[in-house]
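This report describes a structure for a reader who is new to such descriptions. Please keep the sequence and the model in view while reading.

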Amino acid sequence: MSTQTLKATNKELYTKLMQPDVITGSEILLRSLLLEGVDCVFGYPGGAVLYIYDAIHGNPDFNHLLTRHEQGAIHAADGYARSTGEVGVCIATSGPGATNLVTGIATAYMDSVPLVVITGNVMSTAIGTDAFQEADITGITMPITKHSYLVRDVKDISKTVHEAFHIASTGRKGPVLIDIPKDISAHKTAFTYDNKISIRGYNPTVLPNKLQVERLLKAIDEAKKPVILAGGGVVYAGAQEELLEFVNKTNIPTITTLLGIGGFPSSNDLWLGMPGMHGTYTANKAIQNCDLLIGIGARFDDRVTMKVEGFAPNAKIAHIDVDPAEVGKVVETAIPCVGDVKKVLELANQKAKSAQSEAWIEELQKMKKEFPLKYKDDNKHLKPQYVIEMIHETTKGEAIVTTDVGQHQMWSAQYYRFNHPRSWITSGGLGTMGFGFPAAIGAQMGNPDRLVVSINGDGGMQMCSQELAICAIHNIPVKIVVINNQVLGMVRQWQEIIYDNRYSHIDLSGSPDFVKLAEAYGVKGLRATNKEEAQKAWQEALDTPGPVLIDFVVEKHENVYPMVKQGSTIDEMLMGDS
Amino acid sequence: MNTTKHTISILVNNQPGVLQRVASLFGRRGFNIESITVGKSEEEGLSRMIIVTTGDDHKLEQISKQLYKVIDVIKVIDISANPMVERELALIKVNAEPSIRPEIIGVVETFRATIVDIGPKSIMVQVVGDSEKVKAMVELLKPYGVIQLTRTGVAAMIRGV
Ligand SMILES: Cc1ncc(C[n+]2csc(CCOP(=O)(O)OP(=O)(O)O)c2C)c(N)n1
């Protein structure tokens, strides 16, 4: 049994919330959320959540943002959670409202993002009758939630909320769904809130096994070519300092996966970049030639390993992860270290010594110099990579960057250099188009004082562009970048390289004029078609206090390199002709 | 690695949907279910599921780890790793004109199975035992013409303490 301290720090508010008044389920829900420290909720009303929205109405303590689509709400909650480390919350109505959340729930599940998703449902007496706007959302989302609840009694609401927050935010984090039938949200009972959590089947392993950590240190001692593969788990555990200390002590070159970006400073000499399909030459070669691979909070996704049989063929693999099911799931693991990444590294750091890695580091440094990321720049065209580099330079790498999915996502991962965790927000596991822009809104809500840049393709921008309204109405100062290549770029790249230039349905002509689209919502719109305009427009965007959309019309034919084709091992890289 | 049969005992919170959570996990992760039974356990509020599955050591480890991720799962044991008792019940309705009945009853008795119903043209046989025994009984009755067969799936427990 563990006690989770409630986050409501304001004492006056706390006393007010804890009054044992007889109130409706909806009011209980609100109070419970406030007691969990929730300060921003994204949602969309409907019949089944009318009692809840009635309770929200006029509640001065409850901050709710009305998005224009439920998908916008859940991606915003996700961006809020990824950028702050807190639990993201969203609310939707039954049936179509709830099913509109499915993509967002799956996105959060794949990337281990803590969310509490609240849906209304039809009257509990009507459940199972195919009632109007009924959907079995707990059933639909069972494979994509960490856990879910269908609340059957108003007395269970506060306990359920408390449990849901606990489950979402501990161990391997993830989305938890709470489905509340309409009548339950209307029933009344006396408010109570219990701090104690007792879930018998749930006890995440936090502390590592000491012997395993000793084995890891021994393996480092014996290794000549060790390498660290740091994933999103480092960021989620808040273990970036411990990782840096570990690397400083052991002198092991470090690779960050797509979600691990920011978990280790890219300015560090020992950083080798990203691995996998669009990884750097050096990162991929390092994995293939290392003799010890230490996975830290990384789950060996197939975009990282590519052909598993040929992955890290000479390496002994050690794996640090909070989720025991990840250890040995994809690659055979010699040294499993199950536990909270931060705790495992803390323990390891007590006795960590430098590896005998000088010659190996030298070899990799040479490689880094010889095969850097590069593209052919010219003064005729605006190159997408140039735009990303420009954004990096002008923001000094200090912005929170969210991306959508596609080529621009890979270029952002490659050419924007991150030195801080929680500054890079992207849909890695599910690869969800439409994610980036609403996620940026959530990130900005959670970080009102930071610059948030949302980088999108012209395809993905059209998947949740309706949320421009939210930016305009609430003056949310996200800088919205469209890398406009007039095609579904990443699909075009595959059709070119793998399907012999057979371009099937990738032409995006007929897209709206993005500048006018922004303006239609009341957001400032700018366009750039060459370097000079790009610099000017971008500076103007930075100088504008509110939201701005900048349409960067870029060279159409640019591709992302290096690239590893599916079925190849990660050192079989296409390098492009740049 | 060699693929073998495993009997897994899973103690779960008796929550609505828990059977679905466990069964769909098997489907989604590509684990096979040969038989599945669920019923109340010795403790109020907890149920015990017995799943018979096949797989190598790697697969079995994954099954157990993935099951533990289900919040309502409390304990997972591969009981086939221990000396265990495994029982299944089957009801077999078999064609039985009065003239042939003594012969069938003979077969049933040697198996220590029982006749639980007699109709004008059929007999219902109840057999309890490990899956092999049930299978053998069914095979022996087949020549007479099996009209209907119901098997419960396996209930199992580790022997001793
Ligand atoms: C919801 C969704 N549908 C389809 C895809 C498949 N997909 C991956 S990348 C991509 C192209 C994206 O094009 P665009 O948004 O213009 O970005 P670009 O690649 O040009 O940078 C598509 C269609 C996806 N990832 N998500």
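## A helix and its packing in chain A

Helix H21 of chain A covers residues 489-497, and its buried residues are A:Gly489, A:Met490, A:Arg492, A:Gln493, A:Trp494 and A:Gln495. Here, buried means under 20% relative accessible area, exposed means over 50%, and partly exposed lies in between, with a 1.4 Å probe and protein chains only. The buried residues of H21(A) pack against helix H14 (302-305) and helix H18 (407-415) of chain A. Helices (H or I, at least four residues) and strands (E, at least two) are DSSP runs, numbered from the N terminus.

## Basis of the model

This is a predicted model, in which local features need pLDDT of at least 70 and side-chain atom pairs count only at pLDDT 80 or more, while totals for chains, interfaces and linings use all residues. Residues are numbered from 1 along each chain as its sequence is written, chains are lettered from A and ligands numbered from 1 in the order in which they are written, and side-chain values use heavy atoms, leaving out hydrogens and water.

Helix H18 of chain A contains A:Ser412. A:Ser412 counts as buried because its relative accessible area is 0%. Not counting residues up to four places away in sequence, A:Ser412 touches A:Ile388, A:Thr403, A:Phe418, A:Trp424 and A:Ile455; contact means heavy atoms within 4.5 Å. A:Ile455 is 43 residues from A:Ser412 along the chain, and their C-alpha atoms are separated by 7.8 Å.

A:Thr145 is found in the loop between helix H7 (137-140) and strand E7 (147-150) of chain A. Its relative accessibility is 5%, so A:Thr145 counts as buried. The side chain of A:Thr145 reaches the backbone oxygen of A:Thr141 at 3.0 Å. With residues up to four places away in sequence not counted, A:Thr145 touches A:Ile105, A:Tyr109, A:Pro175 and A:Leu177.

## Salt bridges within the chains

Side chains of opposite charge can pair when their charged atoms come close. A:Lys342 is partly exposed because its relative accessibility is 26%, whereas A:Glu242, at 10%, is buried.

In chain B, the side chains of B:Lys65 and B:Glu61 form a salt bridge (2.9 Å, N to O). Both residues lie in helix H2 of chain B, four residues apart, about one turn of the helix. B:Lys65 has 17% relative accessibility and is therefore buried, while B:Glu61 is partly exposed at 42%. Another salt bridge joins the side chains of B:Glu42 and B:Arg48 (2.9 Å, N to O). B:Glu42 is exposed at 61% relative accessibility, and B:Arg48 is partly exposed at 25%.

## Chain B as a whole

Chain B has four helices and eight strands, which run β-α-β-β-α-β-β-α-β-β-α-β from the N terminus on. The C-alpha atoms of chain B fill a box of roughly 55 × 40 × 35 Å along the principal axes. Of the 161 residues in chain B, 42% are buried.

## The interface of chains A and B

How many residues does each chain give to the contact? Chain B gives 19 residues and chain A gives 20 residues. The area buried between the two chains is about 1600 Å², of which carbon and sulfur atoms give 50%; buried area is the accessible area (1.4 Å probe) that two parts lose on being put together, summed over both. B:Arg21, B:Lys69 and B:Ile71 supply 39% of the area that chain B buries against chain A, more than any other three residues.

Two salt bridges are counted between chain B and chain A. The side chains of A:Arg200 and B:Glu43 meet in a salt bridge (2.8 Å, N to O). On the side of chain B that touches chain A, the elements giving two or more residues are helix H1 (18-28), helix H2 (57-69) and strand E4 (73-78) of chain B. The largest share, seven residues, comes from H2(B). Elsewhere in the list of pairings, A:Arg172, A:Asp323, A:Glu326, A:Lys329 and B:Lys69 are linked in a network of salt bridges.

Notes. Salt bridge = Lys/Arg side-chain N within 4 Å of Asp/Glu carboxyl O. Polar contact = N/O pair within 3.5 Å; in protein donor to acceptor, adjacent residues only side chain to side chain.
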